[in-house]
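Student: Could we go through this model together? I would like to start with the helices and then move on to the sheet.

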Amino acid sequence: MDFFTLEIIPFIKSHPLLSLGWIALFIAIIVLTIKSKLSKVKIISNAQAINMINKQDAVIIDIRSADNFKKGHITEAHNILPIDIKNASAKTIEKFKENLIILIDENGLSTSSIGDTLVKQGFLHVFALKDGIAGWNGENLPLVRK
């Protein structure tokens, strides 16, 4: 007999809920990995964002609340709420459909879904900052405060 039958099968029989939890977690990781690989929204690092801002005139869209935006944001960032993007009511960014767009949130967790919405609305080049403003601030990169 091999390891699988000797160790795994009895464990699964003894701990069915725990085993189901591990299987669900494993499937979730696979699905999220595939989804991120197929997404048209690419995750970029701070260094890549700086390069795109300085050399390719990327447009920064900060999707955090107005209060958080005032506490510190990247120079020339546009503060647009996710609900306005989802409802296609953010007319101020319509003119940037062909520009490089960099989405920024608090920690990089919600930008991909908002980016997918922008892609569906016809934006051609959408990127998401990997760790959001927290990662930007963590590297002591400059912020504008109002």
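Tutor: A term comes first: helices are DSSP runs of H or I with at least four residues, numbered from the N terminus. Please keep in mind that this is a predicted model.

Student: Understood. What follows helix 3?

Tutor: Helix 3 is followed by Asp 57, whose phi is positive, near 50 degrees.

Student: And within helix 3, which residues are buried?

Tutor: Helix 3 spans residues 46-56, and its buried residues include Asn 46, Ala 49 and Met 52. These three are on the same side of helix 3, because the arc they cover around the axis is only 125 degrees.

Student: Why would residues with such spacing point the same way?

Tutor: An α-helix has 3.6 residues a turn, so residues three or four places apart point the same way.

Student: Which residues are exposed on the other side of helix 3?

Tutor: Ala 47, Asn 54 and Lys 55 are exposed there.

Student: What covers the buried residues of helix 3?

Tutor: The cover includes strand 1, strand 4, strand 5 and helix 7.

Student: How many bridges link strand 4 and strand 5?

Tutor: Four bridges link them, in the parallel sense, and strand 4 covers residues 100-104. Opposite Leu 100 stands His 125 of strand 5.

Student: A change of topic: is Asp 62 buried or exposed?

Tutor: Asp 62 is buried: its relative accessible area is 1%, and the cut-off for buried is under 20%. This residue belongs to strand 2, residues 59-62.

Student: What does Asp 62 touch?

Tutor: Leaving aside residues up to four places away in sequence, Asp 62 touches Phe 69, His 73, Ala 77, His 78, Asn 79, Ile 80 and Ile 104.

Student: Where is Asp 131 found?

Tutor: Asp 131 is in the loop between strand 5 (125-129) and helix 7 (132-138). With a relative accessible area of 41%, Asp 131 is partly exposed.

Student: And which residues does Asp 131 touch?

Tutor: Asp 131 touches Glu 106, Asn 107 and Gly 108, again not counting residues up to four places away in sequence.

Student: How far apart are Asp 131 and Ala 90 in space?

Tutor: They are 24 Å apart, C-alpha to C-alpha, and 41 residues apart in sequence.

Key
Residues are numbered from 1 along each chain as its sequence is written. This is a predicted model: local features need pLDDT of at least 70, side-chain atom pairs count only at pLDDT 80 or more; totals for chains, interfaces and linings use all residues. Side-chain values use heavy atoms; hydrogens and water are left out. Helices (H or I, at least four residues) and strands (E, at least two) are DSSP runs, numbered from the N terminus. Buried means under 20% relative accessible area, exposed over 50%, partly exposed in between (1.4 Å probe, protein chains only). Contact means heavy atoms within 4.5 Å. Two strands pair if DSSP finds at least two bridges between them. The arc is that of the directions from the helix axis to the C-beta atoms.
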